[in-house]
Amino acid sequence: MWGSVLRALPAGLIVLLLARRLPRGAWWWRSLVLGTLNVGGSFVLIYIAGQRLPSSTAATLMSTSAACMMLFAWAMLRQRPRLVAVIGAAIGLVGVGLMLGLDGGGVDPWGVAASLGAMTASSLGFVLTVRWGEDVAALPMAAWQLLGGSVVLVPVALIVEGAPPVLTLPSTLGFAYVTLVATALAYAAWFAGLRHLQPGPVGIIGLLNPVTGVALGVLIAGEAFGLPQAVGMALVLGGIILGSLPSRRPRAAAVITLPLSPPSLDVALPVGMRPLNGREGGHRRSGSAGMRRMPASVTPVSRDGMEACPEPSS
């Protein structure tokens, strides 16, 4: 729990200094709720899962957040998931399982429960962020949630774990990186993405987490990289690309044309403009000071199909 506090509290203070904006009104309690879901509760559960499960198993379980966010967005935001997004998420999950593998002998029930709990809490919190935070920028949103989660965590950490630990130089440098890069910068970027994308594609992009873990393991720790990892990584990337494709629904603009047969429609023309058919009678009313306008969606045409009053194209 103190690890979660040391990660979230300094990051929240730094982002708040950059945002220069405090919560107002309902955002005081919303920050506590969202901070508990996205920061306080999920951080603690992720650390519990990391201690009780192999990293491959925990990462595979957490990758199901793509499907969970789609379901929450469907239920709470009325954003029905597109078929390509569902297929992309399924392909990505298969790729994660193939890339990481599952160590069946190391499965701990409490670790599985903690991993699924962290995934569910953060997915719900991110969808609520989209629902409530349309008028809040990314930096204030990140700051309020990081601080809200820390406010909830500090008293619980004092009761359960006692005084905060004494940090050594290596642990201080490690927390500095986690605080600045993996929390402050990462959460600001994450909430910025939520403002521009629907929760479904954001959850699918989250499948990059295990891909990054495998890549760093190969480059830094010298871990093995074989055919299963290559195929799994290709499936994950392909699923992300497929699930993130924008929806292309052409909007057909219907143009209604009515035959202009004077004097039955009695449409006024601007001064100095003559109809194409050469007839002027019936187009202007004597003593009429104004002009009668056709609806914007109607394009008047003459008998031979030529436009009489063409509208300027936008």
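This is a predicted model: local features need pLDDT of at least 70, side-chain atom pairs count only at pLDDT 80 or more; totals for chains, interfaces and linings use all residues.
1. T129 belongs to helix α6, which covers residues 109-132. Its relative accessibility is 5%, and because buried means under 20% relative accessible area, T129 counts as buried.

2. The side chain of T129 has a polar atom 2.8 Å from the backbone oxygen of G125. Leaving aside residues up to four places away in sequence, T129 touches L34, N38, M141, Q145, F191 and L194.

3. Six aromatic pairs are present in the structure. In one of them, W27 and W144, the ring centres are 5.6 Å apart and the planes stand at 50°, so the pair is tilted. W27 is in helix α2 (residues 27-52) and W144 in helix α7 (residues 138-161), so this pair ties together parts that are 117 residues apart in sequence. Both W27 and W144 are buried.

4. For W29 and W132, the centres lie 5.5 Å apart with the planes at 70°, so the pair is edge-to-face. This pair too links distant parts of the chain, with W29 in helix α2 and W132 in helix α6, 103 residues apart. W29 has a relative accessible area of 46% and is partly exposed.

5. One aromatic cluster is formed by F43, F126, Y187, W190 and F191. F191, a member of this cluster, is also among the residues that T129 touches.

6. Two arginines lie over aromatic rings. R7 is placed over the face of F43, 4.0 Å from the ring centre. The charged end of R30 sits over the ring of W27, at 5.4 Å from its centre.

Note on methods. Residues are numbered from 1 along each chain as its sequence is written. Side-chain values use heavy atoms; hydrogens and water are left out. Helices (H or I, at least four residues) and strands (E, at least two) are DSSP runs, numbered from the N terminus. Buried means under 20% relative accessible area, exposed over 50%, partly exposed in between (1.4 Å probe, protein chains only). A polar contact is a pair of N or O atoms within 3.5 Å; within protein, one must be able to donate a hydrogen and the other to accept it, and residues adjacent in sequence count only if both atoms are side-chain atoms. Contact means heavy atoms within 4.5 Å. Rings of Phe, Tyr and Trp (its six-membered ring) pair if their centres lie within 6.5 Å; planes under 30 degrees apart count as stacked, over 60 as edge-to-face and the rest as tilted. A charge sits over a ring if NZ of Lys or CZ of Arg is within 6 Å of the ring centre and within 35 degrees of the ring normal.
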